[in-house]
Amino acid sequence: MVLRFSPACIVRTVMDKLAIEVNLAGSQRTLSRPQEEQLERSLFRLAAAAGGKRGPPPATRLLDASGLPLAPDTRAIDAWSSAALLEVGDEQQFAVLFDPPEVETLELPWAPLVGVPLLPRVSCRCCQPDQVDVHWERRAGEAEWQTIARGLRYVPTAEDVGCELRLTATPPAPASLVANAAAAATAATASPTVDTPPATDTPPPPCLEALRRQLLLEPTAASLPRPHLRERIAVLEAARASHVGDADGGGGGGGGFRVLSYNLLADAHRHRWDDPRDGIHTYCAPALTAAARRLPRLLEEVLAFRADVLCLQEVDRNWWEVFWRPQLEDAGFSAHFSNKRNKDSQEGVAVAVRTSALELLEVREMPLSLRSPPAVLAPFLAAQPGTAAGVAALPSVGQLVLLREASGA
């Protein structure tokens, strides 16, 4: 019994139910059945769905790995978890995949930019992201797709400029298919007449198509020339190199460290930028202020300064988890985000420390509202109750950071 090239019947355990997903009568169907019911009830419902309104339901059987039918009075959970093949009528066969490893979501919400790592977010069921095979491909125009990398991280190069990128996340093969492939290989060794496909890097069998995810990215952009930025950084590097014991630019070593303060302009406020009446960035096309294209260029600039400590303001709360935190950690930083005190606020501040130079020992969050103003301001605020109420309600927050020079820095 060869399951590898059969379409799939995917069975998932959901609470106390079985979600049975299979293509019947030309349409994808998902049946929810009690785990404790007898198998014959599940098969009856499948047969009814396959037969539709045109005639009697087809004979439906569930077979184990040996090709033997499972008893109709078997508990559904026991039957489906041990099944290998579902037969619907005389012609339809489906490989049964019970709670198989699968990729539920594959996300990469920013545009490719040369030099900025692409770090897709992968969420899985019944497996871990590091078990997923991520396959990267490139295509120029109408040319064929070309494999360029594998893994959960890819850094676009100059060769990618103007090309589309495609990534495919494939989970590990279900145990039932692995066992079946081994059985088929054993049978092929014993009987040369068995037609066994060669083990090559071919597309996954049809029964695995529903378990993987694929993304098509927009064409890769090149970094823009930034002569003034290069000049500023050159001056900083020259100053750093002039300090005795710090010419290697690595921070620490008794030569001090570099701190960069940068306002990222939280994407949550973008509606204020692009308003044609009073927006602050109406000179810039909205396509360029979109986070998917703006954030990779911001990251490129922030990292270009080669700072040891990054103090970031107006950090968008949603983009922190999706983009900034993984990118900063990938670049060698330990990072901490603090949202503003207003529960509805969509932005805050963040500190990131290069771990090769400094250790981030402690971060304390400090509300910056003046509920208890210093003595020098108390008389003024007492005379201005409106102002006093305003500064007391400020949602701003600060971070107090304790650092230590990294050992070996």
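Visitor: On what basis are the residues numbered and the features counted?

Guide: Residues are numbered from 1 along each chain as its sequence is written, and side-chain values use heavy atoms, with hydrogens and water left out. The model is predicted: local features need pLDDT of at least 70 and side-chain atom pairs count only at pLDDT 80 or more, while totals for chains, interfaces and linings use all residues.

Visitor: How is a sheet read, and in what order do the six strands lie?

Guide: Strands of a sheet pair through backbone hydrogen bonds, either parallel or antiparallel. Helices (H or I, at least four residues) and strands (E, at least two) are DSSP runs, numbered from the N terminus, and two strands pair if DSSP finds at least two bridges between them. Here six strands make an open sheet with mixed pairing, in the order β3-β2-β1-β6-β5-β4. At its edges stand β3 (27–34) and β4 (60–64), each of which pairs on one side only. Neighbouring strands of this sheet are turned by 25 degrees against each other on average, direction ignored; axes are lines fitted to C-alpha atoms, for helices over the stretch in contact, and angles run from 0 to 180 degrees between N-to-C directions.

Visitor: Which helix packs on that sheet?

Guide: Helix α1 (residues 39–51) does, touching β2 (17–24), β3, β4 and β5, where contact means heavy atoms within 4.5 Å. The direction of α1 makes about 155 degrees with that of β3. Of the strands it touches, β4 and β5 (residues 83–88) pair with each other in the antiparallel sense over five bridges, and Leu63 stands opposite Leu85 in β5.

Visitor: What is the pairing in the sheet of four strands?

Guide: That open sheet is antiparallel, with the order β10-β9-β11-β12. Its edge strands, each pairing on one side only, are β10 (146–150) and β12 (213–217). The twist averages 25 degrees from one strand to the next. Within the sheet, β9 (residues 133–139) and β11 (residues 164–170) are joined by seven bridges in the antiparallel sense, and His135 stands opposite Thr168 in β11.

Visitor: How many aromatic pairs does the structure hold?

Guide: Rings of Phe, Tyr and Trp (its six-membered ring) pair if their centres lie within 6.5 Å; planes under 30 degrees apart count as stacked, over 60 as edge-to-face and the rest as tilted. The structure holds four such pairs. One of them is the edge-to-face pair of Trp110 and Phe323, at 5.0 Å centre to centre with 80 degrees between the planes. This pair links distant parts of the chain, 213 residues apart: Trp110 is in the loop between β7 (102–107) and β8 (121–125), and Phe323 is in helix α8 (residues 317–330). Phe323 also pairs edge-to-face with Trp324, at 5.2 Å and 90 degrees. Trp110, Phe323 and Trp324 form one aromatic cluster.

Visitor: Are Trp110 and Phe323 buried or exposed?

Guide: Buried means under 20% relative accessible area, exposed over 50%, and partly exposed in between (1.4 Å probe, protein chains only). Trp110 and Phe323 are buried, and Trp324 is buried as well.

Visitor: How are a cavity and a pocket told apart?

Guide: On a 1 Å grid over the protein atoms alone, a cavity is a set of points where a 1.4 Å probe fits but cannot get out; a pocket is an open set with protein on both sides within 12 Å along at least five of seven lines, and lining residues have an atom within 4 Å of a point. Grid points are joined across faces, edges and corners, and a volume is the space filled by probe spheres set on the points. A search of the whole structure finds one cavity of 30 Å³ or more. The largest cavity holds about 40 Å³, and its lining includes Arg294, Glu314 and Trp324. Strand β14 (309–316) gives the largest share of that lining, three residues.

Visitor: What lines the second largest pocket?

Guide: The second largest pocket, with a volume of about 590 Å³, is lined by 21 residues; Arg226, Arg294, Arg297, Leu298 and Glu301 lie nearest its centre. Helix α7 (291–304) gives the most to this lining, with six residues.

Visitor: Where does a residue other than glycine have a positive phi?

Guide: Glu314, in strand β14, has phi near 50 degrees. Glu314 is partly exposed, with a relative accessible area of 21%. Met15, in the loop between β1 (8–14) and β2, has a positive phi of about 55 degrees. Met15 counts as exposed because its relative accessibility is 77%.
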